[in-house]
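Hi,

Here is the structure I promised to pass on to you. Please have it open beside this email while you read my notes.

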Amino acid sequence: MTTTSSSALSYPPSWYAASVEPLPPQPALEGDTEADICILGAGYTGLSAALELAEAGYRVVVLEAERVGWGASGRNGGQILFGYGCGESKIENLLGRDDARKLFDWSCEGIDLIRERRERYGIDCDWRDGHCTVAIKPRHIDELSAWRDELAAKYDYPLEWWDRDTLRAQLDSPRYLGGLYDQRSGHLHPLKYALGLAHAALNAGVCIHERSRVLRMTRGDAPVLHTANGRVRCKTVILAGNALVHGVAPELDRKIMPVGTYIGATAPLPPTLAQSLIRNGMAVADTNWALDYFRLSADGRLLFGGRASYSNLTPPNLRSIMRHRMRKVFPQLGDLDFEYLWGGVIDISLNRAPHWGRIGPNVYFAQGFSGHGVAATNLAGRVLAEAIRGQHERLDVYERIRHRDFPGGRSLRTPLLVAAMSWYKLRDAWW
Ligand SMILES: Cc1cc2nc3c(=O)[nH]c(=O)nc-3n(C[C@H](O)[C@H](O)[C@H](O)COP(=O)(O)OP(=O)(O)OC[C@H]3O[C@@H](n4cnc5c(N)ncnc54)[C@H](O)[C@@H]3O)c2cc1C
């Protein structure tokens, strides 16, 4: 899928993999070992929980099928956002106004947590402040202005409305009619941040095993996670495998749908050109269901994301589709191509709300980030860790969100989702 050779780090090739200091490979699990907590998955969720628990004195082992940050955490758009994939109204419908307010405030804590960790552990991850959600059509202006009013009235969260000219002064694209700007949100280099979290976790005493795929879990008073060459017996398990895990806890698999999504990175642009595209350096996303999202990297590349695949297949003409979309936003870039193009998988829940909780007394999980997980996963790790330490009030609230299985089981859910998404794409195109 990419134009560049494979990274020495054995990550799937991406600009992210090509621009990080490697973490020394962590040994695969060999033989039997014991831990207080065993965590499946070294993405943000697993690492965040591992760090909190190790700092609280627990013996923590993380089992990662590939490498630290190999999944969505090392490939995403880097946009650090408040809220959840389903939006505030959906949470309010599901939980009522008081709990919706709590969840909203906690989601903002997720943003602050990244800031804190960046400073506390010295994680150099190219953080930039600012995010703008932009309107393409007149109906988007109405939607954004209703959203702004809702956030101000119910969540005391002020966003700035920028009309077309104000927006154009920062974002040199003819495509947008205005936007909602948020100074608290921002963007970062996702893999640098994941590796920084892993460093912090290792320093806190966490034992990370890479190349250690969990094949099955034995439940009970002392659950066991089994890999090809070893076993971890523990008091408590955290399942943080996101869209990539399946077969370990089938009751969780049924609640999420893996969806592919893609990002292209241009070569570094001449500094004056790069700066002219997004003058204030913010991240940008539009309001379409199948949205475009983009930002500049620290070395002046345009990172342009979008295009979902609901069929588990990479779209055949992905490169030209992505270039076409980038050209619609920035026609001044002409035929500019991507130097890197990569994909990743997001874990969509049926209602797009977060699915965090427990299965049994000693198996915890967080999934269903629905493409909106950079800040929320950091928070999820903290909320799971708190619950394991006996403070389960916050997890109890998330657990009250009801989740349904995807209809059609494993074989039929993909075609059904493709049909549903085609409708949304039509809506993006025509209304
Ligand atoms: C292309 C892309 C763009 C995105 N852009 C944004 C964005 O801009 N903003 C935003 O908020 N969100 C974004 N997201 C979503 C966000 O990246 C995710 O919600 C978040 O990173 C999920 O973190 P995680 O730790 O739960 O999962 P992951 O990072 O996927 O980590 C799960 C880990 O578990 C491992 N694993 C799986 N199965 C096993 C097993 N059996 N045994 C051991 N290990 C296993 C995997 O190898 C993986 O490393 C994007 C996602 C993608 C893919």
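Ala 146 lies in helix H5, where helices are DSSP runs of H or I with at least four residues, strands are DSSP runs of E with at least two, and both are numbered from the N terminus. Residue numbers start from 1 along each chain as its sequence is written. Please keep in mind that this is a predicted model: local features need pLDDT of at least 70, side-chain atom pairs count only at pLDDT 80 or more, and totals for chains, interfaces and linings use all residues.

Is Ala 146 buried or exposed? Ala 146 counts as exposed, because it has 11 C-beta neighbours inside 10 Å. (With C-beta atoms placed from the backbone, a residue is buried if 20 or more other C-beta atoms lie within 10 Å of its own, exposed if 12 or fewer, and partly exposed in between.) The helix around it, H5, covers residues 138-155, 18 residues in total, and reaches 25 Å from its first C-alpha to its last. That is close to the expected 26 Å at 1.5 Å a residue, the expected span being 1.5 Å times one less than the number of residues. Just after H5, Asp 156 has a positive phi of about 50°.

S10 (residues 230-239) pairs in the parallel sense with S1 (residues 31-40) over nine bridges, and two strands pair if DSSP finds at least two bridges between them. In this pairing Ile 39 stands opposite Ile 238 of S10. S10 is also joined by three bridges to S17 (residues 363-367), again running parallel, and there Ile 238 has Tyr 364 as its bridge partner. With S9 (residues 224-226), S10 pairs in the antiparallel sense over three bridges. The two form a hairpin with three residues between them, and Val 224 has Arg 233 in S10 as its bridge partner.

Leu 40 has its place in strand S1. This residue is buried, because 26 other C-beta atoms lie within 10 Å. Leaving aside neighbours within four places in sequence, its contacts include Leu 63, Val 214, Leu 225, Ile 238 and Val 248; two residues are in contact if their C-beta atoms, placed from the backbone, lie within 7 Å. Leu 40 and Tyr 364 are 324 residues apart along the chain, yet their C-alpha atoms are separated by 10 Å.

Now for the ligand. It is surrounded by 42 residues, the closest being Gly 43, Gly 71, Gly 77, Gly 344 and Gly 373; a residue counts as near if its C-beta atom, placed from the backbone, lies within 6 Å. Helix H2 (44-55), strand S11 (256-265), strand S15 (340-349) and helix H11 (374-388) are the elements that give two or more residues to this shell. By class, the shell has 19 nonpolar, 19 polar and four charged residues.

Finally, the whole protein. It has 13 helices and 17 strands. Its radius of gyration is 21 Å, close to the 22 Å that the globule rule gives for 431 residues, so it is as compact as a globular protein of that length. Of those 431 residues, 49% count as buried.

Best wishes

Conventions
The radius of gyration is taken over C-alpha atoms; the globule rule is 2.2 Å times the number of residues to the power 0.38. Ala, Val, Leu, Ile, Met, Phe, Trp, Tyr, Cys and Pro count as nonpolar, Asp, Glu, Lys and Arg as charged, and the others, Gly among them, as polar.
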